[in-house]
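Dear colleague,

My notes on it follow.

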Amino acid sequence: MADVIEVGAAREDASPPAGGKSRRGVTQPGNRATPYLFLAPYLLLFLTFGLLPILFGLWLSVHQWDLQLPNRPFVGLDNYQDLFDSESAIYGDWWSSVRATAIFTVFSVPLLVVIPLGLALLLNRSFPGRTFFRAVYFAPYVLGVAVIGLLWRFLLDANLGLVNRLLGAVGLPADTPWVTDVPWAWVSLVGVTVWWTSGFNAVIYLAGLQDISPELYEAARVDGANAWDRFRNVTLPGLRPVMLFVLTTTILASANVFGQSFLITQGAPGEETRTVVWRIVDEGLRDNDAGRAAAMSIVFALALTVISLVNFRFFRYRED
Amino acid sequence: MIQNELSRRRLLGLGVGLGAAASLTLAGCGGGSATTSGGAAGNGGKEYTGPKVDLKLWNGFTGGDGDIFKKLVQQFNTEHQNIAVAVTTYQWEDYYSKLPGAVSSGNGPDIAVMHMDQLATFAARGVINELDDVAKTLELNEGDFAPTVWKGGLYNDKRYGIPLDMHPLGFYYNKAVMQKAGLDPEKPPTTKDDFTAALAELKKAGVPGFWVSPFQFTGGMTFYSLLHQWGGTLFDGEVQKATFNSDPAVEACTFLVDMIKQGYSPANVGQDADYLALKAGKNAFNFNGIWQINDIAKDPNAQIGVAELPQLGTQKAAWANSHNFTIVKQRGADNNKISGAKVFINWLSEHSLDWAKGGQIPARKEVRESADFKAIPNVATLAPELDYAAFPPAAPGLGEVILTFYNAFNEAALNKKSPKQALDDGVAKANKQLEDNRKKYGN
């Protein structure tokens with residue numbers, strides 16, 4: 001967090017608004033509300049679409065809540081207890097979805113942090129057709145999950161798909177169950193996601209790279225730093241705030257995976273690739289248990305909050 | 001639930017359909033004693049003379065019959081100056097998750113088309129109205145329908161759905177592939193011996209003849225059919241306990257899984273791959289929904305035949321479901337709207353013969369037995385299946401339990417567990433779900 005703020009501050013310093021200096025600290029009586037008025041539009045949105053739903057979710061999670069059933073009894077922490085009670089009907093499904101989400105996140109995040117960085121470094125050099133390639137790598141990202149999901153489901157079909165046919169044509173095994181068995185299903189889901197979203201992270205990195213002053217590279221070069229040294233000592237530190245952003249949003253996005261497994265593997269084999277968000281949707285909207293779905297959401301959100309905090313801590317520590 | 005996943009079948013490109021109407025040749029001329037309880041407004045759909053009402057109707061007919069449905073609605077609107085029906089179509093999967101939210105926020109439809117096994121859930125949850133008076137006006141009774149379909153519309157002895165159509169699983173076979181393997185393309189197998197002998201011949205010709213899909217569409221529904229053919233059931237009579245790990249069920253499951261071991265099916269068949277392979281001539285046999293008749297008709301060169309499911313077990317049986325009309329409860333019920341909706345349902349029932357011609361099995365027996373219906377190719381071929389069709393049982397909240405059944409088959413068909421183990425595990429989970437449902441719905 002500190003990093004982000006500093007970068008923002010640095011940018012402001014570079015181009016101070018006209019008469020900026022004197023404004024700070026001047027608080028005339030009656031103007032105390034000013035900052036809050038500026039905050040108000042966002043605050044209103046946050047309250048309406050952020051805080052209130054969260055509080056309502058907490059309220060739901062301690063009830064057996066069905067949109068239509070007239071009585072919605074208070075059940076205390078039962079909905080939470082069910083998630084940790086191996087005798088409950090939901091226990092197996094819940095933890096198998098947690099496991100699926102964890103596997104997907106652990107394997108997709110490193111790739112989605114590193115590969116786009118490599119792409120961005122390549123696309124940041126000047127070469128003929130650079131704009132074309134930038135567009136090409138970003139292109140999959142503009143497709144919706146329904147499009148890429150159906151597309152890859154058919155491409156990856158074990159018996160009819162193009163992927164196995166091509167593998168067979170070059171003498172590799174042609175019967176890999178890409179979407180119906182693990183670990184192949186994970187390879188497919190992670191691979192498709194990397195293909196689909198790398199372009200987005202690459203664009204963020206690219207912006208970060210262009211923010212690093214060329215003078216720093218020049219200075220490093222004068223000091224005799226080779227390409228690796230320049231990458232390690234100039235590029236990486238310069239990208240740190242961007243990396244924090246990329247890492248955090250990628251972890252959150254990966255943990256929220258739903259469409260890919262819903263469409264490509266359809267949870268198979270069994271329910272092994274069913275993810276947490278999918279489980280929450282089913283629980284709340286298909287099985288009409290909004291209370292239990294809310295309890296799941298809150299446990300899941302808490303876990304992600306902890307992970308994000310650790311993430312921020314880690315980057316701050318590195319800075320020190 | 002069946003319908004939930006039914007949607008998944010994305011009947012969309014494949015021509016879903018089905019929706020036939022309860023076809024009644026004689027219509028609202030009798031009964032007409034409007035009861036005055038609950039949502040029993042109007043005179044049971046006989047006529048509506050009040051001020052103009054706008055009605056919203058939701059369905060999941062994303063296939064060719066969606067157009068047929070819309071044409072019928074247009075005709076209805078032209079003939080009724082004081083009722084205007086507007087149709088909205090969703091995929092079934094979205095449909096059932098959208099409906100409860102829409103209803104509770106006051107944006108729901110007035111009329112909703114629903115699968116038979118959803119009725120109990122939505123009735124128990126107070127989403128739909130009783131329709132006993134409509135049935136009375138239409139002079140519908142059990143003798144006109146397959147008994148299961150008729151009873152499926154009841155919940156706590158009250159009627160909530162008026163059946164439109166029935167859609168069973170059928171047997172699709174590729175004549176060209178059969179010919180290539182030296183089989184008579186006009187004689188699809190009808191017994192277990194014929195069936196396995198044909199698969200052996202196909203295997204000799206290098207064709208894995210019957211692809212076993214691990215997914216609900218269509219492997220799960222195939223297993224559902226065979227389980228009943230072997231004499232098993234999914235649940236006990238009161239739907240208190242799951243029974244799909246009985247010996248017949250395990251045997252039926254083993255029979256299907258062995259197809260893979262014997263080389264009659266490849267392993268890891270993907271969603272839709274079984275049916276696409278049939279059309280592409282990569283396999284010969286596929287059990288699939290009657291809705292695919294619309295799809296195969298699009299390509300006359302494909303040479304796909306349609307027959308009743310062969311009898312592989314000790315008795316005949318085929319998975320089937322039924323679409324029903326329901327009237328949705330609104331906040332601040334408008335009796336004019338309810339009366340108008342009943343008139344619409346009544347009218348569509350009268351016109352279901354036209355509709356049946358578009359490719360569905362009418363719910364009404366007398367239309368099913370009419371010469372006009374019997375002249376419709378393929379659709380009429382599957383109509384006899386209704387005598388032994390295995391409809392999903394009706395109990396509130398059963399949809400998720402049936403998904404557990406399909407998931408158990410998925411694990412067996414993908415060789416993650418033995419058939420016995422997969423079904424035992426599935427039953428253990430299903431029983432917990434049933435118990436949760438009992439607490440929730442108090443049945």
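Of the 443 residues of chain B, 61% count as buried, meaning that 20 or more other C-beta atoms, placed from the backbone, lie within 10 Å of the residue's own. The model is predicted, so local features need pLDDT of at least 70 and side-chain atom pairs count only at pLDDT 80 or more, while totals for chains, interfaces and linings use all residues. Residues are numbered from 1 along each chain as its sequence is written, and chains are lettered from A and ligands numbered from 1 in the order in which they are written.

Chain B has 20 helices and 11 strands (DSSP runs, H or I of at least four residues and E of at least two, numbered from the N terminus).

Chain A contributes 24 residues and chain B 29 residues to the contact between them (C-beta atoms, placed from the backbone, within 7 Å). On the chain A side these are 10 nonpolar, 7 polar and 7 charged (Ala, Val, Leu, Ile, Met, Phe, Trp, Tyr, Cys and Pro are nonpolar; Asp, Glu, Lys and Arg charged; the others, Gly among them, polar).

Within chain B, helix α11 (residues 247-261) packs against helix α20 (residues 419-441) at about 130°, the axes being 9 Å apart (lines fitted to C-alpha atoms over the stretch in contact; angles run from 0 to 180 degrees between N-to-C directions).

Yours sincerely

Definitions and conventions: Contact = placed C-beta atoms within 7 Å. Buried ≥ 20, exposed ≤ 12 C-beta atoms within 10 Å, placed from the backbone.
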